[in-house]
Amino acid sequence: LRLDDELDAFASTYRGTIEGLLSSDRETDTSGTQASAIAEWTKRLESGAALSARLIFDAARILSSDGSSAASLFFDGSVTIPLLRGSGKHIVYEPVTQAQRNLIYALWTFERFKRTIAVDIADEYLRVLQAQDAVINAQNNYDRRVDSAEQTEALAEAGRLSKVQVDQARQAKLTSRESLLGADQGYKGQLDNFKVSLGLPTDANLILDREELNRLGKSAREALEKADNNKDNPMKKVKAADLVAYLKTLPGGRYEIPEKTAIDLALTNRLDLKTAHERVVDAQRAVVIAADALKAGLDLVLSGSFGARRTIATADLGDNLRLKPRKGFYSLGATADLPWERTTERRIYRETYINLESTTRNVQELEDRIKLDIRSDLRTLLRARESYKTQAQALKLAQQRVERDQMFLDAGRPGISIRDVLEAEDALLSAQNALSAALVNYRVSELKIQRNMGVLLVNEKGLWTEYETQP
């Protein structure tokens, strides 16, 4: 809309008016009517020249005396050409140029907003799935605690366990029940907040698709199997001080690319950085325009008119409906505006120069911030990758521990108490929740680094296309 408004200033403008007048002069006892129809045209050229023309039709009639009437045509036009200040397309057309560029900036801003909100929604969605998975884990843990409490009571009746162990099992059941209620309330709260983010009412029936979390779980199992097949694990030989450097050498995810490559992608594709660079160009043009305002003004003015006007006072002169350019009146002149008082213009010039320096520093700051984001994203990916591998192995160990301790308790093996079984179940629940969190963290980190590199594309339907890395 603003671009249309600026373009309109350089379009041909037409205006039509009709005027009517009834007058009476008591001193001369003369009354009459007169009407005028005026057609106007104006045009501003990109060079700064301004053109205007008028065609006027007059009709007048005396209502008293002899009742004379007359009609006439009149034409006048002018051309104003700036020769110094305000001349040249780069000066005159600047409002349109800036409006065009602002439109592009708005499109880039909206495109980046689409990518940002897509990642934010995906992040929130996966966190809701994680909360839902925590409810399932808490439910399974509660079921195990109920079974453990019933088994402990049966063993106590048989004289194989003490009353203290029965109380421990009952207390653990109550604790797990409270944890289940807390997990369920937390999940429902996150789900309601997610509905609000989607613009849905909180009472909407929203059904989640766990396929993404299941796919991530499959990736974790594949990573675990790969780790299990690696019998000669070099990790055992790595010193603590060399651990991070060693982890960087291990095969990572598809977006764990070299730091320089990731930064180059970001500096090339980030739309907000492109906008910042173009703002510097805008600021440079603003300095040029402000400097032009300090010049002297010199305008060349050409005007001409021919024909005649008719009013009540000249109604007795008769009609004059023929335009005769050869009998017209023409003038050629110049108007000079000496640059003696330019206080405001000097202030504006200094402000534009300061704005140029500030805009340049903003670009440098944004580049540094982008590099910081990319470096942080790569570190987060590395940590998340090793976290889900570690948690996948920890989950397997926790499952084995629960099965082993439960089997020893059933067999009455000395040294095994219900406390051992309960601690194993606690470790299993923690490992399950930690694995879900690690899976979600890694997936969200993948999306965020694509967004921060500017390579995540989102179409008009909100569907994204992920960046294809080199094999």
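Tutor: Leu-332 lies in strand β6; strands, like helices, are DSSP runs numbered from the N terminus (E over at least two residues for strands, H or I over at least four for helices). Leu-332 is classed as exposed because its relative accessible area is 63%; exposed means over 50%, buried under 20%, and partly exposed in between, with a 1.4 Å probe and protein chains only. The structure is a predicted model, in which local features need pLDDT of at least 70 and side-chain atom pairs count only at pLDDT 80 or more, while totals for chains, interfaces and linings use all residues. Residues are numbered from 1 along each chain as its sequence is written, and side-chain values use heavy atoms, leaving out hydrogens and water.

Leu-332 belongs to a nonpolar surface patch together with Ile-81, Leu-83, Leu-84, Leu-300 and Leu-302, and the accessible area of the six comes to about 510 Å². Such areas are computed by the Shrake-Rupley method with a 1.4 Å probe, and for residues only the protein chains shown count as cover. Patch members have over 30% relative accessible area and no salt bridge; nonpolar side chains (Val, Leu, Ile, Met, Phe, Trp, Tyr) are joined within 5 Å and like charges within 9 Å.

A patch of positive charge is also found on the surface, formed by Arg-322, Lys-324, Arg-326 and Lys-327. Lys and Arg count as positive, Asp and Glu as negative, and His and the chain ends are not counted; each charge is placed at NZ of Lys, CZ of Arg, CG of Asp or CD of Glu. Of these residues, Lys-324 is found in the loop that runs between β5 (297-307) and β6 (329-337). Lys-324 counts as partly exposed because its relative accessibility is 37%.

Charged side chains also meet in pairs: the whole structure holds 31 salt bridges, a salt bridge being a side-chain nitrogen of Lys or Arg within 4 Å of a carboxyl oxygen of Asp or Glu. One of them joins Arg-101 to Asp-282, with the closest N and O atoms 2.6 Å apart. Since Arg-101 lies in helix α3 (residues 94-157) and Asp-282 in helix α8 (residues 271-292), this pair ties together parts 181 residues apart in sequence. Both partners are buried: Arg-101 because its relative accessibility is 18%, and Asp-282 because its value is 6%.

Asp-282 also meets Arg-285 in a salt bridge, at 2.8 Å from N to O. These two residues both lie in helix α8, three residues apart, which is about one turn of the helix. Arg-285 counts as buried because its relative accessibility is 19%. How are these pairs connected with Glu-94 and Glu-278? Glu-94, Arg-101, Glu-278, Asp-282 and Arg-285 are linked in a network of salt bridges.

Helix α8 has 22 residues and reaches 32 Å from its first C-alpha to its last, close to the expected 32 Å; the expected span is 1.5 Å times one less than the number of residues. Among the buried residues of α8 are Leu-271, Leu-273, Val-280 and Val-287, as well as Asp-282 and Arg-285. Helix α3 has 64 residues and a span of 93 Å from first to last C-alpha, close to the expected 94 Å. Gly-159 follows α3 and has a positive phi, near 80°.

A further salt bridge joins Glu-386 and Arg-385, whose closest N and O atoms are 2.8 Å apart. Glu-386 is classed as buried because its relative accessibility is 15%, and Arg-385 because its value is 3%.

Arg-61 is partly exposed because its relative accessibility is 42%. Arg-215, found in helix α5 (residues 211-229), is 224 residues from Leu-439 in sequence and 9.7 Å from it in space, C-alpha to C-alpha. Tyr-442 lies in helix α10 (residues 418-453), and its C-alpha is 9.3 Å from that of Gly-253, 189 residues away along the chain. Tyr-442 is buried because its relative accessible area is 8%.
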